Structures are given as structure tokens and as C-alpha cells.
Amino acid sequence: MRVITFEEPGHVRISLESPAELEPGTVRVRTLYSGVSAGTELTAYRGTNPYLTRKWDIDRRLFVEGQTHAYPLSGWGYQEVGEVVEAAPDVADPPVGSLVWGIWGHRAEAVLPAEKLVGHVLPPGADPLTGVFARVGAIALNAVHAADVHLGDQIAIFGQGVIGLLATRLAVLSGARVVATDAIPDRLELARKFGAAETFDVASGSVAEFMRKRVVGADTVIELSGSHLGLHEAIRTVRKGGRVVAAGFYQGDGVGLRLGEEFHHNQVQLVSSQIGGVASWLAHRWDVERLQLTFMELVHRGEVDARELVSHVMSVDSAADAFDLLDKHQSEVLQLVFEFKE
């Protein structure tokens, strides 16, 4: 079966894997669509992911000398949807023929524990493409939870890529007044459709100065651009004692991030949000699975139009062209999805 493999930085090919054997408690899922998480996957494509140069010690929660992953890297991608085509005799849920979403990478099929797919069945009539948004939707919801949004809060969301747009929508649903920022006009237009009260083109000036003409500063900023300069401007944008949720995947040294200025003088809270876990103060009642299920329920109810975010559907056989497009023309792509066909 086909699987997307990063052979080395900048080199993608379609390799072949042998299908796994069906075991008790498992189902075989044939992939229909596999979404690309551009920020994370470009780090593998470009060779900048910290796992490639440092070893993640999961027990000590530290990066140490060594290497966690090495090329070739196969099956990256963590937002898939497919059809259950076979089930072990002891499995009744999910049933054969159902469409399910989950995480099994950019590969044509996978054998998965059935218990991991309970609750992941798409309802009748649902667009299968919406299934690729469960994980990125959970990332956005996790950031909104970390922001501790209250009704009437003034929120700025930096970066209106897929996760930023979803965060904008979810913050609006949570009762915030959102100012969405980006440098791409089409994305700012989508942000308005997703409920942003105002938008700001970051190429036109300072978000911090723009916000302070209206209020004393944002109560919270959710930073999703992944830029150190964006993170610094987010810190400048919040009011004294305000919170910045750093939810982007920041690469390399923090050039342009000056912590001796507004961060120091305005006593800014800086909170990290990452899908490996939920905000510590919510961990007694929320987990990543609940984030995913909640987001997909919002999609199925029509409160989040995830399908609007799909800009490219490309054959898996065009993977090399797809990653080249993302690498060189990322502003032209919103959500890219690989389609698997026999």
C-alpha cells in the first residue's frame, strides 16, 4: 500500500508498505482523505523539527543530546478519514462500512484498535472531508481553553491559517469579541465570515497600537503565526496582567523576542498551548479526546464550517508537488488534503 515518505529534507516520494494483519480487537480502515498539518509537516520536510536533532526524553520531559527521529520519515500526518472495510470477529463497533476519523498518517490503509475509533463515526450525510479537521480543531479549541475566554473579552488572534481561523470561530462562540490579524487579505475575509468583529493587516502597522486606540489592550492574545516577531507583538498587545497563549510551533532561536520590554513591565502571563495535553486547570475534566469530540460535534451541528477551509484536494501521487507548493507558496494554500483512490 502507498505511504508518503520524507526521504530527506526537500525530498518526498510515495513508498510501499505491506498491509498489517488484522488482529483481535482491530479494524482495517481504507483511507479516503488525509489532511496536511502544514506547520508541523513542513518542519519534517525542511529538516527543522527538533526531533531530528534532539532526543525527547518522555520521562524527564526534556530534550537532550541525541536524535528522536531520523530520515526516512514515513506516515507523517495526523488527521485522516476512511472507511472501515474489515473488522475482527470480536468487533461490532465501529461497523464495517462506516466512515471514521482518526490518526494513522498519510497511508492508504491502517489496522487500528477498534476502541480508538468509538465515537469517531461520521453521521449519515456528513461530508467526509470534514473528518480531517478533528485534530486541528482540537488544537484550536485547546488554545481557546488556555486563553480562559469570558463573555465580552477583547481577544486578538494572531495568524489566520487553518488553526487560527478555527480559533477565531471558537473564541466567538465562547463569547469573545475577536480581532483577527494576518497579512493575507483572503484569510482576513474568511476571519470576518467566521465571526471576527474586526480584522487587521499586520503589514499595515502595529497590532498593539491598533488595539490600544480602541481599548487599553487585549485581555488575551492567542498567537498562532509561529513567528517570534508575532509572539513579541502579541506580548505588546495585551493589557497589564494580560495573557498571551503561545500556540504556534516556533522554530530556531527567538530572534526579535525581547522579554525585557513589555513582557517585563506589564507583567504579562505567557502560557503555552500544545496538543500533547490540556490546560492544567482543566485536566480533571478535559482531555484531548474530549476536545476532538467536542469540535466535531460543533462541525456536525453546523456551528463551524470546516469545509470552507479546504483550498486544495490533491492525489496522494502528487505529494512531492504538494509539499513543494506548501514550502514555496504557503500563503496560497489553506487546508491541503490528500485524496486516496484505488
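Isoleucine 4 has isoleucine 14, in strand S2, as its bridge partner. Strands here are DSSP E runs of at least two residues, and helices are H or I runs of at least four, numbered from the N terminus. The model is predicted: local features need pLDDT of at least 70 and side-chain atom pairs count only at pLDDT 80 or more, whereas totals for chains, interfaces and linings use all residues. Residues are numbered from 1 along each chain as its sequence is written, and side-chain values use heavy atoms, with hydrogens and water left out.

Strand S1, residues 2-8, runs antiparallel to S2, and six bridges join the two. Pairing requires that DSSP find at least two bridges between two strands. The open sheet has three strands, ordered S2-S1-S6, with antiparallel pairing.

Helix H1, residues 38-46, lies across S1, S2 and S6, at about 55 degrees to S1. Such angles, from 0 to 180 degrees, are taken between N-to-C directions of lines fitted to C-alpha atoms, for helices over the stretch in contact; contact means heavy atoms within 4.5 Å.

I turn to the cores. A nonpolar core is a set of buried Ala, Val, Leu, Ile, Met, Phe, Trp, Tyr and Cys residues joined through side-chain atoms within 4.5 Å; buried means under 20% relative accessible area, with a 1.4 Å probe and protein chains only. The largest has 56 residues, and those touching the most other members include Phe133, Leu170 and Phe295. Helix H2 contributes the most to this core, ten residues. A second, separate core of 23 residues includes Val36 and Phe323.

How values were computed. Buried < 20%, exposed > 50% of the residue type's maximum accessible area, 1.4 Å probe, protein only.
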